[in-house]
Structure formats: C-alpha cells, structure tokens
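Please consult the sequence and the three-dimensional view shown below alongside the text.

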Amino acid sequence: KREPDSELPVCVFFQVPEEALEKEGVASALQSFETAVMLMAYGRWPSIAPLIWGACEALLRVKYRGNNEDIWIIQDRFHEENNVSRALGDSAHRLRKLRNEIAHKGYMPRDTPRCIELFFNAGVPYFDCLLKNVINYGLFDILYPKGVGEIWDVFKNTRKVVTKKINRPS
C-alpha cells in the first residue's frame with residue numbers, strides 16, 4: 001500500500017482508484033499512455049504508436065494473467081468475450097501491426113499520418129475499452145478531475161478534424 005504522502009506513479013490520471021493502481025501492470029499501462037500523450041506535444045507520432053499499443057497490451061496481459069499465448073490470440077479472445085465491435089477490433093489489430101513494423105523496421109516520416117489516425121481511431125478508444133474491462137473505469141473517467149472537462153472537448157474536436165482529413169477523398 002502506498003504511503004499517504006508518497007507520489008502517485010502516474011502524472012495525469014487523477015481519478016484512478018488505489019485498488020486499480022495496485023493491480024500489477026495497470027500503473028505501467030497508464031504510464032505508457034501518459035508518455036504517449038506528452039510526446040504528442042512534440043509531434044513524435046511514430047514514437048507514440050508503440051507506446052499506445054504497449055499500454056493496450058499491458059492491460060490485455062493484466063486481464064489474461066498467466067496466459068502465455070501470442071498477443072494477437074489474446075486480443076482475439078478479448079474481442080470475442082467482450083463483444084468488441086469489428087471496426088474497433090480491426091483498428092486495434094492495425095495498431096498492433098503498426099507497432100510491430102515500427103519496432104522491427106523503424107519508421108519514416110510518411111508513417112506519421114497512419115500513426116495519427118490509429119492513435120485517435122484505435123489507440124484511445126481501445127485503451128478506453130480495455131480500462132473499462134480491467135479496472136471498471138473508462139479513460140475519460142480517470143484522466144482529469146471531473147471539473148476539468150475541457151481537455152475532452154479539445155480531444156473530441158481534434159479527433160473530428162483528424163478523422164475528416166484522413167477520410168477526405170484524395
């Protein structure tokens with residue numbers, strides 16, 4: 001148990017219940033997500049994809065503790081057991097594959113639009129889905145104090161702009 005005057009292991013997740021942080025792997029997943037958000041300020045999108053996927057994978061490993069199967073098998077099991085929409089499931093698989101490409105082959109500046117798209121259309125909604133399942137709280141419930149909702153207005157507006165740009169016919 002954390003000492004009352006000790007620092008939280010996370011910087012921007014102000015509403016995380018103590019019992020959730022005590023689950024092995026949860027604090028690490030939240031830290032990866034925080035780092036990804038901080039890298040957005042620097043436009044380091046190809047560095048964000050592996051962090052977001054790492055956060056999602058950590059939560060899948062928490063959910064299926066002790067299961068040593070390949071992560072894509074665990075991912076499919078999670079999708080089936082939790083009725084994850086086909087669109088979100090497919091996007092999550094694309095995020096995992098992008099992470100693998102970046103980790104094994106490196107990245108090029110041309111990867112940035114795909115990283116941005118998958119952050120907004122896969123990373124954030126999939127991480128939210130996993131959090132709800134693993135700790136019973138959604139991303140939007142734990143990120144900032146309840147009274148500070150403007151961050152989500154900015155997020156939603158940014159996502160709309162990015163989605164419109166990505167889906168615009170060439």
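## Helix 2 against helix 3

In this predicted model, the axes of helix 2 and helix 3 (residues 45-63) come within 8 Å and cross at roughly 165°. Axes here are lines fitted to C-alpha atoms, for helices over the stretch in contact, with angles running from 0 to 180 degrees between N-to-C directions. Helix 2 is therefore roughly antiparallel to helix 3 (angles over 145 degrees count as roughly antiparallel, under 35 as roughly parallel, 65 to 115 as roughly perpendicular and the rest as oblique). Their crossing is left-handed, a term used if the near helix is turned anticlockwise from the far one by less than a right angle.

Helix 2 contributes V26, A29, S32, F33, T35, A36, L39 and M40 to the contact, and helix 3 contributes W45, S47, I48, L51, I52, A55, A58, L59 and V62 (contact means heavy atoms within 4.5 Å). By class, these residues are 14 nonpolar, three polar and no charged. Ala, Val, Leu, Ile, Met, Phe, Trp, Tyr, Cys and Pro count as nonpolar, Asp, Glu, Lys and Arg as charged, and the others, Gly among them, as polar.

## E34 in helix 2

E34 lies in helix 2 (residues 26-40). With a relative accessible area of 4%, E34 is buried (under 20% is buried, over 50% exposed and in between partly exposed, with a 1.4 Å probe and protein chains only). The C-alpha atoms of E34 and F13 are 8.3 Å apart in space, while the two residues are 21 apart in sequence.

## Helix 3 against helix 6

The axes of helix 3 and helix 6 (residues 112-134) come within 9 Å and cross at roughly 20°, so helix 3 is roughly parallel to helix 6. The crossing of this pair is left-handed.

Among the residues making the contact are W45, I52, W53 and L59 of helix 3 and F119, F120, Y126 and F127 of helix 6. The contact residues of this pair divide into 20 nonpolar, three polar and one charged.

## The chain as a whole

The protein chain has eight helices and zero strands; helices (H or I, at least four residues) and strands (E, at least two) are DSSP runs, numbered from the N terminus. Of the 170 residues, 41% are buried. Among contacts between residues at least 6 apart in sequence, 57% join residues at least 24 apart.

## Basis of the values

Residues are numbered from 1 along each chain as its sequence is written, and side-chain values use heavy atoms, without hydrogens and water. Local features need pLDDT of at least 70 and side-chain atom pairs count only at pLDDT 80 or more, whereas totals for chains, interfaces and linings use all residues.
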